[in-house]
Structures are given as C-alpha cells and as structure tokens.
Amino acid sequence: MKTKLYTLITGSSEGFGKALAIECAKRKMNLILVSLPDSGLNQLAEFIIQNYNVDVVPIEKDLSVEENCMMLFKEVEQMNLSVNMLINNVGLGSTMFFKEGNIDFYQKQVKLNVMVTTLLTSLFLDMLKANTPSHILNVSSLSCFFYLAKKQVYGATKSYVYSFSKSLRAELSSDGINVSVICPGGMNTNPTTIMTNKSNHWLARQSIMNPDEVASIAIKGLLNRDEIIIPGFMNKLFLLIDKLLPSFFIKMIANSHVNKFKSYNIGNRNHELLPDRIR
Ligand SMILES: NC(=O)c1ccc[n+]([C@@H]2O[C@H](COP(=O)([O-])OP(=O)(O)OC[C@H]3O[C@@H](n4cnc5c(N)ncnc54)[C@H](OP(=O)(O)O)[C@@H]3O)[C@@H](O)[C@H]2O)c1
C-alpha cells in the first residue's frame with residue numbers, strides 16, 4: 001500500500017500559514033497544521049477537510065518552547081504520519097526602534113524565527129530523507145536583503161533563514177530533498193501588519209500582496225524546486241533597483257519612513273512583551 005504523505009506547516013491558524021494550508025489542500029496535499037493553543041486551528045482543520053477532501057491533523061503547541069518542538073515530532077511519529085514537506089512559516093515580526101523593544105520580546109523573536117526553523121528541520125530531517133522526493137520551504141522576508149531601521153532583529157533573523165536555506169540546499173540536494181526559501185515583501189496577514197503596511201511610504205505600499213496570492217506562488221515555486229522565491233513584480237523590481245542604484249540612495253529611500261510612523265510588533269498575542277508606550 002502507498003504511504004500517505006503529509007505537509008507540516010507551522011504557524012498555520014492565521015495569516016500566511018493559513019493561506020499556505022489552503023493552497024496545499026487545493027493541491028490535494030494532506031496536512032499537519034501547528035499553531036498556538038486556542039488559535040482556531042481545529043475549526044480551520046474542519047473547514048479544510050470538508051471543502052478539500054484531504055486529511056488534516058491539527059496540533060496545538062507553543063513552538064517558542066523547545067520541548068514542545070520535540071513533543072511535536074514525537075506525536076507525529078507516534079501517529080505514524082510520514083512527512084515529505086516541511087514548511088517553516090511560524091515567525092514573529094516587528095517594526096520598532098531597537099531601544100523600544102525589550103529583551104523578552106527579542107528572545108522570543110529569535111527563538112521562533114531562527115531556533116524553531118533550525119530545530120524542526122533537524123528533527124524531521126531523517127523522516128524527509130525516508131520520504132523522498134521531499135521538500136523544505138523556509139519563510140524569510142524581503143527585508144533580509146535590506147538593512148532597514150526598525151527591522152534590526154527581525155531582519156537579522158530573516159537573513160539567517162535565507163542563508164541557512166541556501167547552504168542546506170547545497171547539502172541536501174544529493175539526498176533528494178529540495179530546499180527553497182521564500183522572501184515575501186509586505187502581506188496583509190493580520191490587523192497589526194495591515195496597519196503597518198498602510199503606514200508605509202508610497203513605493204512600499206505598491207508592493208503589498210494578498211497572502212493567498214503569495215501562497216500560490218510559494219507552493220508553485222517549491223514544487224518547481226526554485227532556490228529563492230520572490231513573489232510579485234514590485235518586490236523583484238526592488239531587488240533589481242538595489243543592485244543598480246548607489247547604496248547611499250537606496251538607504252535614503254529604504255529608511256525615509258523611519259521617524260514618520262508608530263512602532264508595531266506583528267503577533268497580536270505578544271503585545272504583553274512590548275513596553276506600554278508601544279502597545
Ligand atoms: N506579513 C508580512 O508582511 C510578512 C512579510 C514577509 C515575511 N513574513 C513572514 O511570514 C510568516 C508568517 O507571517 P504572518 O504575517 O502570517 O504572521 P501572523 O499573521 O502573525 O501568523 C502567525 C501564525 O503563527 C502562529 N504562532 C504565533 N506564535 C506561535 C507560537 N509561539 N507557536 C506556534 N504558533 C505560533 C499564529 O497563531 P495565533 O493566530 O494563535 O497567534 C499564527 O497562526 C512569518 O515568518 C513572517 O516573518 C510576513
């Protein structure tokens with residue numbers, strides 16, 4: 001009998017992760033969805049099962065706790081589920097001056113964006129090897145190419161994801177595992193991000209995309225084994241301009257919004273980590 005294969009998506013109750021889950025379901029892929037407890041994951045799983053006729057296993061875990069990542073892997077093994085696609089989507093965003101954030105917030109951001117991606121890749125590697133051809137999709141950000149004010153820690157975590165993915169790809173291709181990295185620009189995923197996106201300067205606003213549109217490009221690029229996926233014409237144009245124009249000019253445009261707008265972090269559930277004046 002053919003083994004039933006699953007795509008595991010982290011941070012999939014909302015935003016880009018949810019859009020990726022629906023895109024995968026449209027392509028008849030069975031899913032393991034992971035998000036925080038009480039995040040509406042069970043309802044999303046039910047919706048997908050009823051509408052797309054695929055198998056969906058929701059697992060509620062706070063992935064910022066290392067033991068929970070281990071438990072997630074153990075639960076998948078105990079349920080005898082075979083994963084051939086790992087989508088490391090979970091991430092915590094922010095737009096604020098470095099001095100405005102506190103260390104608890106930055107630690108959580110580094111944990112979720114860097115450590116969880118690394119740890120889950122390590123935990124699931126043997127399973128991915130056993131189920132080749134298999135895929136890893138890591139979610140970075142366009143901000144990994146630009147050194148933006150108010151994006152210091154976030155941008156650095158996404159540079160890690162980008163660099164990690166490219167090196168890992170070189171190592172794993174001979175094992176039949178494809179590694180792709182997606183670098184989306186702004187997406188209207190949650191109320192905080194929508195507010196931040198709206199307050200961006202005109203040029204940046206032209207590149208904002210709908211998460212469903214980006215998810216379709218992401219999965220197409222992943223199955224096509226693309227190394228780097230840059231969704232949208234405007235985002236590709238930004239990268240081209242970055243190569244063509246002098247760096248002082250790029251810095252001026254990229255950071256022209258710095259003092260104009262309020263600071264935000266992305267995860268609504270993490271507001272308690274920010275100082276009162278930013279909430
Ligand atoms: N939005 C953008 O403009 C943008 C641009 C470039 C890259 N990205 C990247 O895209 C990815 C998704 O971003 P998004 O905007 O869709 O984020 P989002 O709307 O905040 O959604 C994040 C998802 O992760 C879950 N989550 C948060 N903390 C978690 C934890 N500790 N353990 C398990 N699950 C957790 C959330 O669950 P709850 O709903 O329960 O909080 C939610 O399902 C991130 O890696 C982000 O850096 C986003």
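A salt bridge is a side-chain nitrogen of Lys or Arg within 4 Å of a carboxyl oxygen of Asp or Glu. The model is predicted: local features need pLDDT of at least 70, side-chain atom pairs count only at pLDDT 80 or more, and totals for chains, interfaces and linings use all residues. Residues are numbered from 1 along each chain as its sequence is written, and side-chain values use heavy atoms, with hydrogens and water left out.

**Salt bridges**

- The structure holds four salt bridges.
- Side chains of opposite charge can pair when their charged atoms come close.
- Asp 175 and Lys 129 link distant parts of the chain, 46 residues apart. Asp 175 sits in the loop between helix 5 and strand 7, and Lys 129 sits in helix 4. Helices (H or I, at least four residues) and strands (E, at least two) are DSSP runs, numbered from the N terminus.
- Asp 175 is partly exposed at 32% relative accessibility, and Lys 129 is partly exposed at 37%. Buried means under 20% relative accessible area, exposed means over 50%, and partly exposed lies in between (1.4 Å probe, protein chains only).
- Glu 75 and Lys 61 meet in another salt bridge, at 2.7 Å from N to O. Glu 75 lies in helix 3 and Lys 61 in the loop between strand 3 and helix 3, so the pair ties together parts 14 residues apart in sequence.
- Lys 61 is buried at 9%, while Glu 75 is partly exposed at 25%.
- Glu 23 pairs with Arg 27, and their closest N and O atoms are 3.0 Å apart. Glu 23 is buried at 10%; Arg 27 is partly exposed at 35%.

**A buried lysine without a partner**

- Lys 158 lies in helix 5, residues 152-172.
- Lys 158 is buried yet has no salt bridge. The nearest side chain of opposite charge is Asp 62, 15 Å away. For charge, Lys and Arg count as positive and Asp and Glu as negative; His and the chain ends are not counted.
- Beyond neighbours within four places in sequence, Lys 158 is in contact (heavy atoms within 4.5 Å) with Asn 113, Val 139, Ser 140, Ser 141 and Cys 144.

**Nonpolar cores**

- A nonpolar core is a set of buried Ala, Val, Leu, Ile, Met, Phe, Trp, Tyr and Cys residues joined through side-chain atoms within 4.5 Å.
- The largest nonpolar core has 35 residues. Leu 8, Ile 32, Leu 63, Leu 72, Val 76, Val 83 and Phe 124 touch the most other members.
- Several elements each supply at least two residues of this core, including strand 1 (5-10), strand 2 (30-35) and helix 3 (66-78). Helix 4 gives the most, with eleven residues.
- Apart from this core lies another, of 31 residues, among them Ala 21, Leu 31, Val 56 and Leu 222.

**A nonpolar surface patch**

- Leu 240, Leu 244, Leu 245, Phe 248, Phe 249 and Met 252 form a nonpolar patch on the surface, with about 620 Å² of accessible area together.
- Patches are made of residues with over 30% relative accessible area and no salt bridge; like charges are joined within 9 Å, and nonpolar side chains (Val, Leu, Ile, Met, Phe, Trp, Tyr) within 5 Å. Accessible areas come from the Shrake-Rupley method with a 1.4 Å probe; for residues, only the protein chains shown count as cover.
- Helix 9 (233-244) and helix 10 (247-254) each supply at least two patch residues. Helix 10 gives the most, with three.
- Phe 248 lies in helix 10 and is exposed at 57%.
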